[in-house]
Amino acid sequence: MTAMTEREAATAMARRKLGPSLRGWFQDWLPRLVLAPSFLLVLVFVYGFNLWTLFLSFTSSKAFPTTNLVGFTNYVRLWNWTFETDPPSNWYTALVNMGLFGGLYIFFCLFLGLLLAILLDQKIRGEGILRPIYLYPLALSFIVTGTAWKLFLDPRIGLENALHEWGWTSFHFDWVVDPQMMIYCVAIAGIWQSSGFVMAMFLAGLRGVDGEILKAAQIDGASTYQTYRRIVIPIIRPVFFSALIVLAHMAIKSYDLVLSVTGKNPGGAAELPSTFMYSYTFTRNQMAVGSASAVIMLMTIAAIMVPYIYSETREQSR
Amino acid sequence: MSAADLVTSTPSRRGPGHSRTTRIVIYGLLFLFALVYLVPLLVMVMTSLKPLDEVTGGNMFALPRHLTFAPWSMAWGEARIGVSETRGISGYFFNSVKMVVPAVLISTLLGALNGYVLTKWSFPGHKLVFGMMLFACFIPFQSVIIPMAVILGMLGRIGVNLADLTGWSFGLGNATVNLVIVHVIYGLGFTTLFFRNYYAAFPSELIKAAMIDGASFFQIFRRILLPNSTPIIIVTVIYQFTNIWNDFLFGSTFAAGDTAPMTVALNNLVNTSTGVVEYNVNMAAAIIAAAPTLLVYVIAGRYFVRGLMAGAVKG
């Protein structure tokens, strides 16, 4: 490896000039000393804190952390809540909403992202104007996105009212104020915010496909639909995979969007694991249960991300 | 060429020739989608320029009949934010500025140094160290937030004691300082990733030559790598700026009341349950909250996209 020889060269330089002195030793270790603070911070604040949260999830912590161990009690409670459907427990609602929100968010982001990317890839005039329009919502915070969509979907002053004024008086759309349907509005806002990003990922994939292959397919008389269905989409399959991972990760972490679209999640109707964790820890004084739910979130994300990071870094070194 | 460059720079160079009807359908769909993506922003802007009775009594798609900038000055200087005494979002806007500038600079500098060490001064186990740091990018912050709250509480108490002893708390317990610490730490994974991947492609021969000329570790970094790092510095700064400016979870947990950042203040303003909802003021505040990141996107969209892609697929 070249990097090793560089270091050896430097070490040799240092030795030649200074001999095996303290300064030479310092020069040799300097790079590692520079990296050490960052690595230590990550070690303590990421790994250490995760272990700390794991520990708390086995205690009986209420408003403040305690060291009183109670075994798997908190996980057993979450497990029981998972099946408590009548009336639904907050944890049950959080999991159902996670499935609904996550499923819709991932599916429509992938679908719209691919559709827009394919449409943009047809020798479009004005692509330079259209692309930034699809992408700009990404620059907005979830709080701003939620605020905008809350107004836009508000039946009194938003879409429903506007269509009534235009004469479509039977139009009815009040999901954003209906506790049963709120989570769908969170999904709409989320899709609006993230689908442009998926479009960019797919577009990069499409532009990376060898033009010769497509020409060959055209010469063989394949239709556009066939070319995409049979040739292009199979080639860009890794992009689907990457986008899926990124979207799943973002869906699980979603927190601010729920609060802003629903107006602080009234009655826990749009509960997600992230909001569940927060309210149990900081407002309901059940920190141990909150920790257990945080551990479950972490495990889920780790199960998605660790194999992905592993395969990505392996591909890089090959 | 990176994946992001493929998106942002390559013009369409192929695609079968379509019939006239097909082209009309394609352009029609693209235009329709563009409208869907633009409309919420346009409605926000128009709502913020209308008097309240026009918002509550009119069509949201209608242009303002009585154009007014009063909601903007209300939002900036007078609006009531939650239960706080401070009026208007201006104070919170500057809270965010005070938090975001040091946090971005420190995390970018550390990321650059880490990337430099991991690629040009690599040591046994450097891959493991990098892999472990990478995981910092992906953890849900819920799993670190309780310990963080405990530690920041302890630092705050130390700060109070220090202030008693010396008359200065050394910044400990200050909400802005707390948020800078938090954002630097949880940004390290991404900044290190960006610079590591960029420096991995930087020719090692130049560095070797400098070593032979007797340049030191920091001289090589300052004279050779940094002057050649402008693109990745822009990408990293934009990425960190956007993420930290838009953060809500940390801000709402570690900075209460008057010390809160912009996103938290906006949420408090919009979701107060008391009094008449002033939609026009809310929208003006939302646009002000979004303005810095939108501006960055408009000025440097290319780098913006590149950062996002690098964070996702390491293109």
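The model is predicted. Its largest nonpolar core has 179 residues. Chain A is divided into two parts, domain 1 (1–56) and domain 2 (78–317). Between the chains, 91 residues of chain B are in contact with 91 residues of chain A.

**Domains of chain A**
- The C-alpha centres of domain 1 and domain 2 of chain A lie 40 Å apart.
- Domain 1 of chain A gives 4 residues to the contact between these domains, and domain 2 of chain A gives 6 residues.
- On the domain 1 side of chain A, the residues touching domain 2 are 2 nonpolar and 2 polar, with no charged ones.

**Contact between the chains**
- Chain B puts 91 residues in contact with chain A, and chain A puts in 91 residues as well.
- On the chain B side, helix H14 (residues 279–313) gives the most, with 17 residues.
- The side of chain B that touches chain A holds 60 nonpolar, 26 polar and 5 charged residues.

**Nonpolar core**
- The residues with the most contacts inside the largest core are Val186(A), Phe202(A), Ile89(B), Leu266(B), Ala285(B) and Ala286(B).
- Domain 1 (1–56) and domain 2 (78–317) of chain A both give residues to this core, so the core lies between them.
- Leaving out residues up to four places away in sequence, Phe202(A) touches Gly113(A), Leu114(A), Ala117(A), Ile236(A) and Val239(A).

Terms used: Residues are numbered from 1 along each chain as its sequence is written. Chains are lettered from A and ligands numbered from 1 in the order in which they are written. This is a predicted model: local features need pLDDT of at least 70, side-chain atom pairs count only at pLDDT 80 or more; totals for chains, interfaces and linings use all residues. A nonpolar core is a set of buried Ala, Val, Leu, Ile, Met, Phe, Trp, Tyr and Cys residues joined through C-beta atoms within 7 Å. A residue is buried if 20 or more other C-beta atoms lie within 10 Å of its own, exposed if 12 or fewer, and partly exposed in between; C-beta atoms are placed from the backbone. Domain bounds come from an automatic or database domain assignment. Two residues are in contact if their C-beta atoms, placed from the backbone, lie within 7 Å. Ala, Val, Leu, Ile, Met, Phe, Trp, Tyr, Cys and Pro count as nonpolar, Asp, Glu, Lys and Arg as charged, and the others, Gly among them, as polar. Helices (H or I, at least four residues) and strands (E, at least two) are DSSP runs, numbered from the N terminus.
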